[in-house]
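Me: Please take a close look at one part of this structure and walk me through how it is put together. I have not seen it before.

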Amino acid sequence: MKLLIKNGRVIDPASGTDKTLDILIDRKKIAAVGSKINDKTAKVVDAAGKVVAPGFIDMHVHLREPGYEHKETIATGTLAAAAGGFTSVACMPNTSPINDNPGVTHSILTEAKRSARVNVLPIAAITRESAGEELTEMVNQAKAGAVAFSDDGRPLTNNQLMRRAMEYSQMLETTIIDHCETPDLSAGGVMHEGDYSYQFGLKGIPSSSEEVMVARDIILAESTGVGIHLAHLSTRGSVELVRRAKAKKIPVTAEVTPHHLLLDDSLLEHYDTNLKMKPPLRDKKDVQSLRKAAKEGVIDVIATDHAPHTPDEKEVEFDQAPFGIIGLETCVSLILDRLVREGILPLSRFIEMISSAPARILNLTDKGKIQPGADADLTLLDLNREVIVDVFAFRSHSRNSPFHGWKLKGAPEMTIVGGKIVYHC
Amino acid sequence: MAFNHKHLLGIQSLSAQDIRTILDTAESLSEISSREVKKVPILRGKTIINLFYEASTRTRSSFELAAKRLSADISNFSKATSAVVKGETLKDTILNLEAMNIDAIIMRHASSGSPHFVSSFCSSHVINAGDGTHEHPTQALLDALTIQQEKQTFKDLKVVIVGDILHSRVARSDLYLLKKLGAKVVLVGPPSLVPPAFKKYGAQIDYNFDRAIEDADVVMMLRIQLERQKRIYFPSLSEYHELFSLTPQRFSRAKHDAIIMHPGPINRDVEISTDMADSAKSVILKQVENGIAVRMAVLYLLLGGKEREITD
Ligand SMILES: [Zn+2]
Ligand SMILES: [Zn+2]
């Protein structure tokens with residue numbers, strides 16, 4: 001089965017391409033990229049006026065399966081991903097059971113084969129039960145299909161263990177991803193510590209909670225020489241630390257979420273639990289700093305930290321609500337409208353941050369690029385289509401999004417995974 | 001007198017004029033409490049729920065008496081008697097109460113913002129009787145009524161609030177109210193309990209009580225407790241007592257006509273010495289008395305007028 005994508009504006013950050021081209025897909029791979037490709041046996045997709053990009057990769061997603069299927073499943077989460085323009089999602093291990101052994105990775109991939117719309121890339125735990133005490137069998141987990149390791153949600157505070165995990169991981173082509181939080185500084189906190197937390201009477205999570213761990217990770221990356229990826233950075237202090245580390249060629253990469261790029265702590269005045277997540281929404285200066293860092297490449301990746309919770313779980317007192325919001329179905333339109341269209345983030349830089357950069361960090365050598373031989377994962381964008389975010393129309397099983405009702409211009413048009421159209425708006 | 005609010009969630013959402021309206025109304029209603037028959041039929045037929053998720057005999061009784069003096073029917077619900085112990089969510093509890101055709105919910109809750117959450121989905125009036133470490137608007141209003149009776153004006157008064165500001169909803173509501181009415185507010189306590197962020201809301205901050213109390217018109221002491229988890233904020237009650245308790249020596253630095261306030265319940269000889277609490281300068285019991293008047297005023301202004309326009 002061949003697919004010919006005609007006359008699209010092909011933007012491929014890996015090769016620096018931005019021009020009108022045709023792409024021929026043969027089965028699961030890209031067969032040819034060029035102008036005026038003709039193939040009478042191929043099904044033609046007219047992409048005139050549309051942007052054709054390497055398939056988007058969300059390297060930070062919580063699919064909740066196994067164990068929390070009332071929040072999300074592999075089926076619903078990947079349906080949401082496809083509709084959001086993502087061709088691959090990397091899923092965090094804080095399921096029940098925690099993905100700390102090859103059996104869980106295997107079962108996630110088995111279920112993905114059965115029900116997933118897009119590629120599912122399991123991230124396994126660094127430590128057993130993510131309890132921060134003993135290493136997991138990293139090599140066996142990688143053999144089972146784990147693409148990276150993280151104790152996301154359960155901050156790994158044991159410095160010695162983090163150091164040894166980084167050292168041990170050198171036997172693999174893999175990445176350690178750290179959720180940077182110092183629990184004794186964030187204890188009891190439910191929002192950013194600042195003028196607003198004092199005003200709203202909510203216990204704060206200081207910026208230092210994140211920055212202490214960012215500094216720790218950078219120091220370990222320098223001393224071990226092993227790379228580390230910092231999840232969902234939220235403060236200007238973290239940005240400064242990463243900026244300095246990169247200037248010193250320390251192997252560190254970083255990600256930011258759409259919500260940390262767009263929202264700030266002043267919005268919590270109505271105690272909306274759909275604005276409660278970790279790390280928390282920081283202040284306006286932090287938002288500015290994150291935007292600049294994204295544009296300049298200090299932050300490498302945009303990832304959603306899609307964290308589904310049911311309405312029942314979220315419709316409670318603010319301090320009792322679980323942390324996390326969903327993002328798969330809003331990410332692309334939010335960034336296109338609020339950052340790209342506003343001239344804050346160039347389109348090609350956005351595409352790089354959400355395709356080739358995560359592919360590089362996750363060692364996905366056949367993804368994140370448009371060239372012959374690469375996986376036929378593509379995301380088509382319509383920069384002019386207007387959408388209104390409607391949480392009740394989400395494919396996700398949950399609707400804990402603060403963006404309900406937002407009017408946005410620019411949206412995913414079509415999602416192609418392994419040569420198959422999995423979403424067409 | 002226009003008072004265009006559906007709920008009383010906090011002082012921050014009130015204008016200076018709103019506050020004056022409540023205080024004036026309280027002044028005129030306070031006379032009812034000194035009658036032989038302490039009852040007027042203004043809120044006859046109205047049903048009010050006193051929903052207290054935190055124990056507070058004083059505030060709960062004060063609201064209860066205020067409601068009864070206006071002839072409203074009032075029922076008390078506590079955490080222990082409600083279905084919360086059976087795992088019912090706050091939202092379900094409120095929806096069940098509303099199914100009984102109530103008019104207002106007076107709410108005390110340990111979670112900051114819970115009255116805001118409730119007001120987002122319920123149709124009754126919501127009155128915040130203290131939420132977490134956020135606000136306690138009727139306490140600030142009764143404090144203001146007391147200060148007004150003693151000092152006649154707020155303009156340029158120096159009010160010193162001493163204690164655990166970080167965890168105090170009373171301090172927050174008092175600060176917001178006093179700034180709206182033109183007073184000068186100095187927050188005093190150990191730096192770990194007095195966040196500099198309050199400067200943004202108009203407060204001055206001083207870690208030295210002896211210096212801060214100079215020329216004070218009002219000295220407001222907050223209850224201090226030392227649970228285990230608070231030992232990271234200050235080491236011992238005796239060191240705290242030495243630095244921040246109100247003693248006659250310290251009080252002598254304030255203006256000669258200064259008054260002593262305390263939201264209660266007081267810890268004698270911890271944050272305030274017994275002779276100070278019982279002195280002629282203390283208006284602590286007057287605050288309690290005024291509590292009923294301002295709560296009557298709030299209930300009257302929110303529930304009393306039938307044709308009043310609701311704009312928020
Ligand atoms: Zn995380
Ligand atoms: Zn996460």
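Reply: A contact here means heavy atoms within 4.5 Å. This is a predicted model, in which local features need pLDDT of at least 70 and side-chain atom pairs pLDDT 80 or more, while totals for chains, interfaces and linings use all residues. Residues are numbered from 1 along each chain as its sequence is written, chains are lettered from A and ligands numbered from 1 in the order written, and side-chain values use heavy atoms, without hydrogens and water.

I start with a helix pair in chain A. Helices (DSSP H or I, at least four residues) and strands (E, at least two) are numbered from the N terminus. Helix α7 of chain A covers residues 207-224, and helix α8 of chain A covers residues 236-247. Their axes, fitted to C-alpha atoms over the stretch in contact, with angles from 0 to 180 degrees between N-to-C directions, lie 9 Å apart at an angle of about 10°. The two helices are therefore roughly parallel to each other, a term for angles under 35 degrees.

From α7(A), the residues in contact are E210(A), E211(A), V214(A), A215(A) and I218(A).

Donors are N, O and S atoms within 2.8 Å of the metal (3.2 Å for Na, K and Ca), and sites may look incomplete without water. The zinc ion (ligand 2) is coordinated at 2.1 to 2.3 Å by NE2 of H60(A), NE2 of H62(A), and OD atoms of D152(A) and D305(A). Along the chain, the donors of ligand 2 follow the spacing H-x1-H-x89-D-x152-D.

D152(A) bridges this ion and the zinc ion (ligand 1), and the two ions lie 3.4 Å apart. Besides D152(A) (OD), the zinc ion (ligand 1) is coordinated by H179(A) (ND1) and H232(A) (NE2), at 1.9 to 2.1 Å. The donor residues of ligand 1 are spaced D-x26-H-x52-H in sequence. Distant parts of the chain are linked by the pair D152(A) and H179(A), which are 27 residues apart. D152(A) belongs to the loop between β9 (148-150) and α4 (159-168) of chain A, and H179(A) to the loop between β10 (176-178) and α5 (183-186) of chain A.

Technical notes
Parallel < 35°, antiparallel > 145°, perpendicular 65-115°, else oblique.
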